[in-house]
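Biologist: Please take a close look at one part of this model and describe how its surroundings are put together. Give the cut-offs for the terms as you go.

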Amino acid sequence: MKELITSDGARLAYQDSGGGGVPLVMLHGWGQTQAMFRHQIEGLAPGRRVVTVDLRGHGLSDKPRHGYRIARLARDVWELADHLRLARFDALGWSMGVSVWWSFIDQYGTGPMRRFVAVDQPAAVAAVPWMSERERRDCGAIFDVSELLALGAALAAPGGDAVRADFVRSMFSGDPDPDILAFVAEQITATPAHAGVPLLFDHCAQDWRDVLPRIDVPTLVIGCEGSHVHPDSQRFIAERIPSARLHVFPADVARSHFPFLENPAAFNAVVEKFLSPEPSTRA
């Protein structure tokens with residue numbers, strides 16, 4: 001594991017496989033870690049350079065008392081790319097990691113990005129009162145603002161560990177593989193409430209719909225029929241990003257928010273197919 005000290009003094013733990021070709025930078029979701037991509041590091045790294053990082057407040061990285069905003073996490077990723085001298089790279093985000101990339105694009109543009117993979121993230125997680133019912137469905141909003149506030153309060157209160165475990169379980173449909181569920185539940189314990197709660201609020205309060213039409217690099221949007229993120233929200237995102245492609249895993253392939261853990265071979269094949277050819281057009 002390698003380390004980077006950010007401009008505001010946070011130590012980030014990252015891995016760099018050091019392979020050849022266009023680097024692939026992968027960002028995990030809220031409360032999780034770069035270990036989520038253990039099967040991708042194994043499955044994709046032999047043919048390419050793969051970079052993963054524990055975002056601040058997560059995994060082996062520092063848990064300071066500052067910086068728990070999506071914009072700051074995007075700045076951290078920008079600093080990591082600069083530190084590694086990544087002039088051009090492919091970007092993959094899952095869940096909140098997609099939001100970090102959307103913030104990166106919003107602030108710094110797509111200049112260094114060759115291709116972009118967005119995995120199972122709504123355009124807006126919390127529905128605000130001025131959204132129409134159609135907008136709420138299109139965004140894939142999981143709850144409204146009052147429910148977000150209640151979840152944050154419960155996570156921060158005594159007994160928050162049980163609330164966190166229930167939240168993780170809600171991301172699986174049916175009876176999940178007990179080993180995968182246990183792994184996900186264990187990884188999330190590395191994020192303390194002082195980091196996780198304000199970051200969750202900031203993350204869920206964002207609305208990225210205005211960013212989508214400005215994404216001008218080839219993009220693959222991935223959804224999953226069994227996820228708590230409705231596949232229709234991923235279709236909406238793919239329709240708003242110019243020339244984006246959409247892949248939705250059917251329930252007999254994967255049926256959760258974690259297709260890369262449930263069926264890594266299928267997930268890796270889809271990602272590899274999209275990233276491998278050098279694009280001659282934007283599509």
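Modeller: Contact, or touching, means heavy atoms within 4.5 Å. The model is predicted, so local features need pLDDT of at least 70 and side-chain atom pairs count only at pLDDT 80 or more, while totals for chains, interfaces and linings use all residues. Residues are numbered from 1 along each chain as its sequence is written, and side-chain values use heavy atoms, with hydrogens and water left out.

I start from S99, which sits in helix 3 (helices are DSSP runs of H or I with at least four residues, strands are E runs of at least two, both numbered from the N terminus). S99 is buried, at 1% relative accessibility (buried is under 20% relative accessible area, exposed over 50%, partly exposed in between, with a 1.4 Å probe and protein chains only). Leaving out residues up to four places away in sequence, S99 touches I70, Q121, H203 and W208. Of these partners, I70 belongs to the helix 2 side of the contact with helix 3, and H203 is one of the buried residues of helix 8.

Not counting residues up to four places away in sequence, W101 touches V25, L27, V77, F89, A91, L92, G93, M113 and F116. W101 and F116 have the most contacts inside the largest nonpolar core, a set of 83 residues (a core is buried Ala, Val, Leu, Ile, Met, Phe, Trp, Tyr and Cys joined through side-chain atoms within 4.5 Å). Helix 3 supplies the largest share of this core, seven residues. A second, separate core has five residues, including A124, A127, M131 and A141.

Helix 8 leads on from H203. Its buried residues are A195, G196, V197, L199, L200, D202, H203 and C204, and they pack against helix 2 (70-83), helix 3 (96-108), strand 7 (126-127), strand 8 (143-144) and helix 5. The axes of helix 5 (residues 145-156) and helix 8 (residues 193-204) come within 9 Å and cross at roughly 175°, and these two helices are therefore roughly antiparallel. L148, L149, L151, G152, L155 and A156 of helix 5 make this contact with A193, V197, L200, F201 and C204 of helix 8. Its residues divide into 10 nonpolar, one polar and no charged.

R85 lies between helix 2 and strand 5 (89-94) and has a phi near 55°, positive although R85 is not glycine; at 77% relative accessibility R85 is exposed. D120, between strand 6 (113-119) and strand 7, also has a positive phi, about 60°, without being a glycine, but D120 is buried, at 1% relative accessible area.

Conventions:
Axes fitted to C-alpha atoms, helices over the stretch in contact; angles between N-to-C directions. Parallel < 35°, antiparallel > 145°, perpendicular 65-115°, else oblique. Nonpolar A, V, L, I, M, F, W, Y, C, P; charged D, E, K, R; others polar.
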